[in-house]
Amino acid sequence: MDNLLSKLKTAAVLLIIGAVSGLAIFGTHTLTEDRREENRRMAQLAIYLDMFDGAVTPSDDDIVAIEDSSVKEMVTMRDSSGNILGYAFRGEGRISHGDITVIVGIDLDGNIIDVQIADSTQTPSYVQALRDHYLPRLRSQSIVAMDYGFTDELAGTSASAGMSFGNVRRIIEDARFIAADFLSDPVMEAYERLAPDVASFDTFVVFDRAFTEEQLIKDDDGNILAYAYLMPLEFDGETVTYVAAYTETEFIGITVFAFDDVPQDAIDAVEAFEGYWNSDFNGLTFDVDGEIENTIATALTELNTFVENRTWINANDLDYVETRYDGDDVSGYWFIGRKMGYNGVNVLEVLLDENGAFDHFAYNQSPDTPDFRNPLIDAFGAYSGQTEITQNEAEDAWSGATFTGESVYAIISAAFQYFADTLGDE
Amino acid sequence: MAKTKNVKKEMSRLANFTKGFFKENPVFVFLLGLCPALAVTGTVEASLGMGILVIFVLTSSNVVVSLIRKWIPHQIRVPSYIVIISTFVTIVGLLTEAYAYALHGELGIFIPLIVVNCLILGRAESYASKNKVHDAAIDGFGMGLGFLGALVVIGFFREFLSTGAIAYGVYLPLAETPGSIINIDSYVFSMDAFGQAPGGFLVIGLLLGIFNFVAILKRNKKERERQRMIEEKKRQALERKRQKAKEKAGANA
């Protein structure tokens with residue numbers, strides 16, 4: 001009986017402490033609720049006004065609540081005359097580390113003005129890393145061609161800061177989606193001219209040539225409709241981006257990202273190529289008149305040569321190989337492959353010489369830590385001139401680079417194998 | 001007799017209040033609460049803010065723990081203390097968000113983390129649960145002030161070394177517009193690292209080294225004093241012995 005009473009007393013004490021505690025917290029919460037909400041609103045408003053030069057405090061009519069999205073609020077920002085300056089989006093994210101509130105400002109040209117973290121209960125050092133290293137990169141980017149470029153440059157931030165950045169990215173993606181209804185989208189319009197069923201596009205390979213990027217154009221179901229190549233060309237100090245699209249057998253056509261600041265004659269120049277649309281790209285040459293047209297034709301010819309010399313592999317981690325020529329003689333083979341590294345997919349370039357010997361490899365795109373992945377370039381450089389590679393210390397040339405190293409090893413090995421099986425006999 | 005007892009009591013309360021300042025300083029002597037001492041002492045004002053919050057939580061929880069100490073069964077005392085402490089931490093978090101929003105943003109996750117500050121649970125367990133309410137309150141307030149003092153000292157060195165200035169009104173409602181009590185415009189030796197976490201370790205380490213060095217000097221001085229007094233007493237005893245021997249010899253003569 002005494003034992004039971006003792007246990008009842010223990011339970012009663014805990015219950016009373018819990019109840020009083022709950023009441024005290026509830027009371028404080030209720031009493032301070034309005035003021036806390038007001039503080040949050042003021043802090044967010046300060047960020048809105050800071051993002052948009054010349055903006056005035058938005059009226060209630062300019063604030064729209066959003067449902068079923070990580071973006072909770074869209075605010076139309078105006079100047080004192082009522083002219084729209086752009087749109088601010090307030091989004092919220094949650095991970096196991098806590099909550100985060102992010103504000104994304106987008107101007108009328110569809111460029112990111114700024115991305116700011118308004119409030120966060122996530123790990124402060126990782127949030128600070130985002131503020132210092134990653135969010136500034138997003139400024140001025142066009143929402144139609146965002147390059148998030150998140151890499152764990154701060155060792156150890158791969159998982160943690162990556163999760164926080166995932167929140168930010170989700171909010172930006174939702175803001176882009178909403179903003180697309182309000183803003184003209186010259187990039188998507190250009191892709192629709194080339195592939196009417198386009199629903200999305202992803203960067204596939206980047207180049208340091210007349211064409212700078214290869215993008216996969218996909219439909220709603222994720223099927224590849226075309227391969228688009230961006231060709232930024234300079235006219236009178238202005239950069240105009242042309243985009244040419246191919247299937248695996250055809251040249252689909254060429255068009256331009258017709259942003260407001262693109263001169264009309266640069267836009268009109270693509271009409272000279274209409275006769276070449278939907279033709280076999282093998283042996284295709286472009287005979288056009290005019291300075292701008294000829295500049296485009298030169299870049300397009302370089303692109304067409306690449307496409308002609310490229311053979312799709314789509315197996316063993318390899319996407320394709322480009323056969324390179326010195327005059328009529330083969331000078332080497334440039335492979336593109338991709339494989340999961342430590343922090344995501346590494347896209348690698350591997351160059352073999354005409355005899356199939358290893359020349360070098362390079363990172364085309366890599367989310368892995370630069371300080372870990374870069375030493376591998378020198379480590380694998382030791383295999384230069386060799387026709388086979390053994391998986392040994394080179395794969396873990398730098399502590400922690402094991403996964404990165406394995407992805408490099410796998411792709412170089414696949415390139416050797418492909419050469420031995422296919423190219424060596426040619 | 002009664003007067004002497006009261007004076008002793010007052011002296012004891014004063015000692016109870018001031019012990020946390022130097023002799024039993026939570027940070028520099030007991031090395032307690034080092035998490036906030038490292039994390040939020042980048043500036044004097046953030047240090048001051050965290051110190052004030054800790055004083056509130058420590059004093060309040062000490063008072064409540066002392067009030068109900070006789071009703072809490074021994075086997076559930078620690079969970080009970082944690083619930084009491086976390087209640088005050090939650091309240092202080094809400095109040096900070098309402099009345100010092102900038103400080104709330106600056107301290108962030110470190111406000112809820114006050115719950116796990118060893119200093120607070122330590123005082124509840126070792127002092128408040130065994131003493132009367134007013135003594136527990138004095139202990140909590142004094143220890144809290146000692147903690148605040150330590151944070152402000154660390155914050156002073158870190159902020160000055162990293163920026164060359166000591167600002168006010170940035171996080172706390174101390175002024176309508178932010179200003180600075182020290183500002184060396186031509187400060188060119190800005191050491192950003194002191195504003196970061198490694199700077200916290202460095203400053204705490206250096207301060208601990210200095211305080212320990214001073215303590216050793218004091219101890220050595222005390223020891224020399226003690227030795228000198230022993231020698232003096234020995235000399236006096238010898239003197240007395242000689243005097244007695246002389247007197248005895250004189251009497252015999």
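Predicted model: local features only at pLDDT ≥ 70, side-chain atom pairs only at ≥ 80, totals over all residues.
Reader: Over how many bridges do strand 2 and strand 3 of chain A pair, and in which sense?
Author: Strand 2 covers residues 71-78 and strand 3 covers residues 84-95. One of the facing pairs is Glu73(A) with its bridge partner Arg90(A) in strand 3 of chain A. The pairing is antiparallel, and the number of bridges is seven.

Reader: Which residue in the turn between strand 1 and strand 2 of chain A has a positive phi?
Author: Strand 1 (residues 63-65) pairs with strand 2 of chain A in the antiparallel sense over three bridges. Val64(A) has Met74(A) in strand 2 as its bridge partner. The two strands form a hairpin with five residues between them, and the turn residue with a positive phi, about 55°, is Asp68(A).

Reader: Which residue of strand 4 of chain A stands opposite Phe89(A)?
Author: Strand 3 of chain A is joined to strand 4 (residues 98-107) by ten bridges, and the two run antiparallel. The residue of strand 4 opposite Phe89(A) is Val104(A).

Reader: Which element of chain A gives the most to the side that touches chain B?
Author: The contact takes 20 residues from chain A and 17 residues from chain B. By class, the chain A side has seven nonpolar, ten polar and three charged residues. The element that gives the most to this side, with 16 residues, is helix 1 of chain A.

Reader: In what order do the strands of the six-stranded open sheet of chain A lie?
Author: Strand 6 (200-206) and strand 11 (279-280) stand at the edges, each with a single partner strand, so one side of each is left without a neighbour in the sheet. Six bridges join strand 6 to strand 7 (residues 213-218) of chain A, and Phe201(A) stands opposite Ile217(A) in strand 7. The pairing in the sheet is antiparallel, and the order is 6-7-8-9-10-11.

Reader: At about what angle does helix 6 of chain A run to strand 8 of chain A?
Author: Helix 4 (residues 186-194) lies across strands including strand 8 (224-235), and runs at about 150° to strand 10 (250-256) of chain A. Helix 6 (residues 291-309) lies across strand 8, strand 9 and strand 10 of chain A. The angle of helix 6 to strand 8 is about 140°.

Reader: Is Asn316(A) buried, partly exposed or exposed?
Author: Asn316(A) is found in the loop between strand 12 (310-315) and strand 13 (318-326) of chain A. Its phi is near 50°, a positive value in a residue other than glycine. A buried residue needs 20 or more C-beta neighbours within 10 Å, and an exposed one has 12 or fewer. Because Asn316(A) has 15 inside 10 Å, it counts as partly exposed.

Reader: How many residues of helix 8 of chain B are buried?
Author: Helix 8 (residues 197-252) of chain B reaches 81 Å from its first C-alpha to its last, close to the 82 Å expected at 1.5 Å a residue. Its buried residues are Gly199(B), Gly200(B), Val203(B) and Ile204(B), and what covers them includes helix 2 (34-39) and helix 7 (133-163) of chain B. Helix 8 is hardly covered: among its 56 residues, the count of buried residues is four.

Methods. Residues numbered from 1 in each chain as written. Chains lettered and ligands numbered in written order. Contact = placed C-beta atoms within 7 Å. Nonpolar A, V, L, I, M, F, W, Y, C, P; charged D, E, K, R; others polar. Expected span 1.5 Å × (residues − 1). Pairing = 2+ DSSP bridges. Axes fitted to C-alpha atoms, helices over the stretch in contact; angles between N-to-C directions.
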